[in-house]
Amino acid sequence: MIPAKFATVASVCSLVLCIHAFAEPAAPSQKSVEPTLLVPPPHISILKPIHFVEYDLENGLHVILHENHAVPVVATYVLYHVGSKNERPDRTGFAHFFEHLMFEGSENIPRGKIDKYISGAGGNLNASTSFDQTDYFFNLPSNQLKLALWIESERMLHAKIDEVGVETQRKVVKEEKRRSYDNQPYGSLFEELSKLVFKGTPYSWVPIGSVQYIDQATIDEFRQFYKTYYLPNNATLAIAGDFDLEATKKLVAEYFGTIPRGKDIVRPTVQLPPQTQPVKNDVVRANTPLNASLHAWRASSETDPDSYALELLGNILSSGRSSRLYKRLVEKEQAALEVEAFPFLLENAGMLGVYAVGQQAVTLDHLDALIDEEVEKVKAEGVTAEEFQKAQNQKEAEFASSFGTMHTRASELARYHVFYGDTNLINTELDHYLAVKREDIQRVAKKYLTKEGVNILRYPAPAAPEAPATK
């Protein structure tokens with residue numbers, strides 16, 4: 001049996017992991033902007049430029065090549081511009097389902113062999129799905145580039161979508177839903193939060209989707225989803241590492257050039273009506289170990305210039321033991337076991353959230369009051385020069401260590417192209433953070449963290465059973 005204190009810590013960790021699994025920056029797109037944050041001062045960046053070549057094949061596949069001979073490895077990364085927001089409300093979970101299904105094989109790759117081919121070549125692989133994108137990647141010794149390109153071209157041209165594979169992955173996805181969401185303390189948090197903040201939009205359901213819709217879907221519906229979205233004109237291929245540029249261009253043309261272009265993608269619209277009053281919802285679960293409360297406000301998309309100030313605001317509120325929320329709720333009041341703020345910025349919408357897991361016997365109302373007080377202080381007083389400098393230093397350190405692997409370089413190059421329309425942002429985005437002014441932090445706090453715009457999601461811990469009366 002796990003001791004009670006360790007079970008509590010594990011439950012808090014599950015909440016933290018739930019937040020971070022969804023709060024990683026996801027793929028955004030361009031939108032209207034305020035020019036005050038658009039143009040950073042020149043010559044700020046301290047980072048060594050990442051050089052790349054990019055071009056389109058005739059079928060619409062966008063190719064980005066970053067040649068780097070530092071180590072004999074190569075990373076391939078394919079980003080399909082399809083995520084859970086591209087699904088029908090009565091067929092959620094399709095994009096995530098295809099994250100799994102695309103490993104089944106193809107007309108020329110036997111079932112279950114993709115993993116074996118890559119591991120046998122000394123590499124590794126994975127895939128992920130978010131609200132806005134699905135991606136697949138291989139990391140291999142550089143002499144195995146042809147293997148990676150062959151597999152990815154096979155998946156793009158004729159992935160295996162048959163009854164055996166679909167039924168196998170139905171079971172896999174349902175087990176993942178039970179294990180990672182239904183049976184975890186706070187496991188439904190992001191599902192419930194999306195319903196509140198993004199109500200009435202394609203962002204109101206999470207990528208894991210609904211098991212019932214995966215069960216109801218026919219094989220023809222899965223095949224149609226594949227034919228609609230897994231197309232060269234809806235994909236970006238990024239390759240980073242130890243390869244010859246001209247030889248790789250020929251390989252890309254050889255493996256991908258003959259794949260037919262598909263129909264243009266119809267993108268969903270996201271229209272959020274103004275929120276005029278706060279919303280509060282309690283989620284009652286028997287396995288909730290401690291009271292937890294999460295406050296979330298709608299925020300900008302990731303490509304809006306306000307996003308840079310919002311991310312710095314999140315750091316000031318909760319990053320490290322010297323942050324405002326930690327000092328107040330954890331150290332001074334000793335009311336929370338864990339507290340954090342997170343920006344969650346998407347292609348067509350966004351939110352800023354603050355959550356706290358209470359200590360034993362600390363009420364939800366007390367947690368809510370403390371969070372509200374700290375948010376209102378930032379809006380009324382702004383942030384100190386020391387807090388602001390610390391947040392910018394953290395961001396600079398983050399960028400300095402972000403692009404050490406070829407996989408990270410490939411994935412970020414693809415993301416900047418697809419959602420920002422500016423692949424070179426990999427070399428200049430830090431400048432945008434450093435161009436934020438201290439008064440911008442207070443400005444975005446006032447603009448987004450309004451009293452009428454808050455969505456409060458609370459997890460009350462069940463009351464302990466009363467001890468039997470003694471005679």
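Trainee: What makes strand 8 (residues 292-298) and strand 10 (residues 350-358) a pair?

Mentor: Two strands pair if DSSP finds at least two bridges between them. His-295, for instance, has Val-354 in strand 10 as its bridge partner. This is a predicted model, in which local features need pLDDT of at least 70, side-chain atom pairs count only at pLDDT 80 or more, and totals for chains, interfaces and linings use all residues. Residues are numbered from 1 along each chain as its sequence is written, and side-chain values use heavy atoms, without hydrogens and water.

Trainee: Which strands stand at the edges of the sheet, and what makes them edge strands?

Mentor: The open sheet has 5 strands in the order 7-11-8-10-9, with mixed pairing. Strand 7 (279-282) and strand 9 each have a single partner strand, so one side of each lacks a neighbour in the sheet. Strands here are DSSP runs of E with at least two residues, and helices are runs of H or I with at least four, numbered from the N terminus.

Trainee: Why are the buried residues of helix 5 said to line one face?

Mentor: Buried residues (under 20% relative accessible area, with a 1.4 Å probe and protein chains only; exposed is over 50%, partly exposed in between) of helix 5 include Gly-165, Val-166, Gln-169 and Arg-170. Seen down the axis, the buried residues of helix 5 fall within an arc of 140 degrees, so they line one face of the helix. The arc is that of the directions from the helix axis to the C-beta atoms.

Trainee: Is Tyr-186 buried or exposed, and what about Gln-334?

Mentor: Tyr-186, in the loop between helix 5 (163-182) and helix 6 (189-197), has 1% relative accessibility and therefore counts as buried. Gln-334, in the loop between helix 11 (324-332) and strand 9 (336-345), has 56% and therefore counts as exposed.

Trainee: What makes the phi values of these two residues worth noting?

Mentor: Most residues other than glycine have a negative phi. Tyr-186 has a positive phi of about 65 degrees, and the phi of Gln-334 is positive too, near 50 degrees.
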